[in-house]
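Q: Please take a close look at one part of the protein shown here.

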Amino acid sequence: MTTDYQGRKRDEADEADEENVPLSQVSKRRKLKNEDVKDESESDDESLASIFKKKSKEKLKKVKLEEKDEDATADGKETVKKVTKTSKKVKKEKKTVKDESEQDQNDEEEENGEYKWWENENEDDSIKWTTLKHNGVVIPPPYEPLPSHIKLYYDGKPVDLPPEAEEVAGFYGAMLETDHAKNPVFQKNFFQDFLEVLKTAGGTKNGITIEKFEKCDFTKMFDYFELLKEEKKKLTSQEKKQIRLDREKAEEKYKFCELDGRKEQVGNFKVEPPGLFRGRGAHPKTGKLKRRVQPEDIILNLDKDAPIPEAPEGHHWGEIRNDNSVQWLAMWRENIFNSVKYVRLAANSSLKGQSDYKKFEKARQLKDHIDAIRKDYKKQLKSEVMLERQKAVAIYLIDVFALRAGGEKSEDEADTVGCCSLRYEHVTLKPPNTVVFDFLGKDSIRFYQEVEVDKKVFKNLKIFKRPPKQPGHQLFDRLDPSTLNKHLQNYMPGLSAKVFRTYNASKTMQDQLDLIPNEGSVAEKLLRYNAANRTVAILCNHQRTVTKGHAQSVQKANDKIKELEWQKIRLKKALLQLEPERLKKNPAYFEEIEDMTKEDEAEIHRRIIEREIEKYHKKFARENDKRKFEKEELLPESQLKEWLDGVDELKKQYKEELKTGVVELKPTMNTVEKIEKQIERLDNRIQTNSIQLKDKEENSQVSLGTSKINYIDPRLTVVFCKKYDVPIEKIFTKTLREKFKWAIESVDENWRF
DNA sequence: GATTCTACTTAGCAGACACGAA
DNA sequence: TTCGTGTCTGCTAAGTAGAATC
């Protein structure tokens, strides 16, 4: 019976099975246990709840009810609506006017041009702003039809498409050479939507009926888009700069908004242009048409006294809202999932900064509870109630392997899972206690790990997999993120599964940074910082696709280092030629001369010669291209020959050197001092290149950015830089320095996570 | 209590950009 | 100045979480 393992009966059966106890006894015992657990959690709840209530009271003391609830003025075109939903009403009741002292401080900061929100406590975030003014959003330009000779071909014949359909065909044509366009699901979804658009637009204009995708030829369109790209590349830097300046000028007014009287940056002020949906992994809807968003689809959110931005000519906004309980400036609904897209503030804004700060503080708060939580889940691994065991195992997996919560997903999304949605086939058990996790997580990134787990966890997983369960069945059949999070709230207000990821990431980073000795060059310290960062990224399973030319570029970097070493050895040989007695004085210094074999040396010679030949061929071609363009006399072939003869000379010299071991340096390299200085320079270059190569190899599949941006408390990095004398610019880019300004300006070197 | 909706964070990809070597 | 390469940023997909609704 399937319900056997989903219903209450199964708990008892499991228990009886596991511990050889008669069912009736188990029932009684569990009842007793349940009551015990209930008592405990209730008392916990009460104490935590009272603390939380007290805190909330303090937080809300500033809140002042807004009495006015006027309708915003409708200006003819705009449909201005009141926020009518109950939730919004409740939120509206909390609308505040910030207290005067805070306002004064804002005024002062405004004069300095800076608002340091982290210098004053503001724990209440139910009200996001008092005033909000902005200029709306940037709507993508209307479609411009292709030149008349660029067409889709069907069964070898050019097709006259109406512009609406041509635009959709063009979306596909532009990405003809991408992996997406080669995906059959993508093709099917695209083609279906394309035919529908074509039908609505009245069909082709030259009587051709399009029925089969296979008969469509998009290459002319593809070539045209490639040509446009090429032309864009060919523009002079001055022209490119001008285009950029024009664009920036046009976007300037949308880039900033006025939030509580302060100028703050808006994030994604551009409405997403139409295109084909690029779902990740095996997404059933990939390739579907993302339709053009019209101003009528867009809801703007501003304060009720703010001027309403003008809608594009002939259009009007869908709605104007005045909801100060949310951060968004504009929103619309997309057509593929009917989900909402928002225009929000930029990462460097005060609101985002405060959310970020709170996130890390919450994770830090977990420090005070983690021991109790761990103790509890270890205990509950033996619970007699199946749900409790599932909770315990889930928290264990989330805590130890940094799994995500794993919410339920619908049929029309990619089949990816997290902890609560793990299925039978995602976990393989190898006695005595090894578990192989193999599943696709967020963004269809594979999570593959073969690990040893706690013996009780192993035993429980075995129970969770017991027949009649089979592939396709949920491992945690009684658990979902909501139940799990409710349980976690008992330990700490606001605790949810995702806080564990932040906590463990930052804790790991702190521990790793503590291991770094404060010595060596900045490059070495950076390498160690990156290694610590990489530990966190691996913990969080942050991956990236290896770039196309990676293997080749590693080879090249290795060759480069080998060549530098050869140069150094050559200089050392020359040194001995000038002063042979140095060998006796300092034999260790010259030891490495013996490390390079004749074969290695010959290989390096070959590479250098090859490169030189190529260089002169290129130089000759480039020079003549230029002369041709300027209508000057071309260089004669003899010039190329002359250059290549020089290379030939070098080749002979190397050959001789290899034979005799006698080095012939440039005439300028004629003193011991000069040679020694050059050796030192080479040593530095070799060291730098080696460090960079090591970093490059180790980072090829791991994405460090995601954990740096979202999981590692930025204050850890700030402290590291201060303590180890590493410029913060080496770790945080300009954008990150702006995002983490609160961290950079608020900690000293004694701060700990 | 289950489901849906809303609002937010987290994530990898790809094109733009910057920078060093030749 | 050009070219190649690596880094940065913008974009938007894909999650989480909690409130609202059924």
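Q: Does F437 count as buried or exposed?

A: F437 counts as buried, at 0% relative accessibility; here buried means under 20% relative accessible area, exposed over 50% and partly exposed in between, computed with a 1.4 Å probe on protein chains only. The model is predicted, so that local features need pLDDT of at least 70 and side-chain atom pairs count only at pLDDT 80 or more, while totals for chains, interfaces and linings use all residues. Residues are numbered from 1 along each chain as its sequence is written, chains are lettered from A and ligands numbered from 1 in the order in which they are written, and side-chain values use heavy atoms, without hydrogens and water.

The structure holds 29 aromatic pairs (rings of Phe, Tyr and Trp, the last by its six-membered ring, with centres within 6.5 Å; planes under 30 degrees apart are stacked, over 60 edge-to-face and the rest tilted). One of them joins W328 and Y342, a tilted pair with 5.9 Å from centre to centre and 45 degrees between the planes. This pair ties together parts 14 residues apart in sequence, because W328 lies in the loop between β10 and β11 and Y342 in strand β12. W328 is buried at 6%, whereas Y342 is partly exposed at 29%.

F437 itself pairs with F401: the ring centres are 5.5 Å apart and the planes stand at 55 degrees, so this pair is tilted. Since F401 lies in helix α12 and F437 in strand β14, the pair links parts 36 residues apart in sequence. Helices (H or I, at least four residues) and strands (E, at least two) are DSSP runs, numbered from the N terminus. F401 is buried too, with a relative accessible area of 9%.
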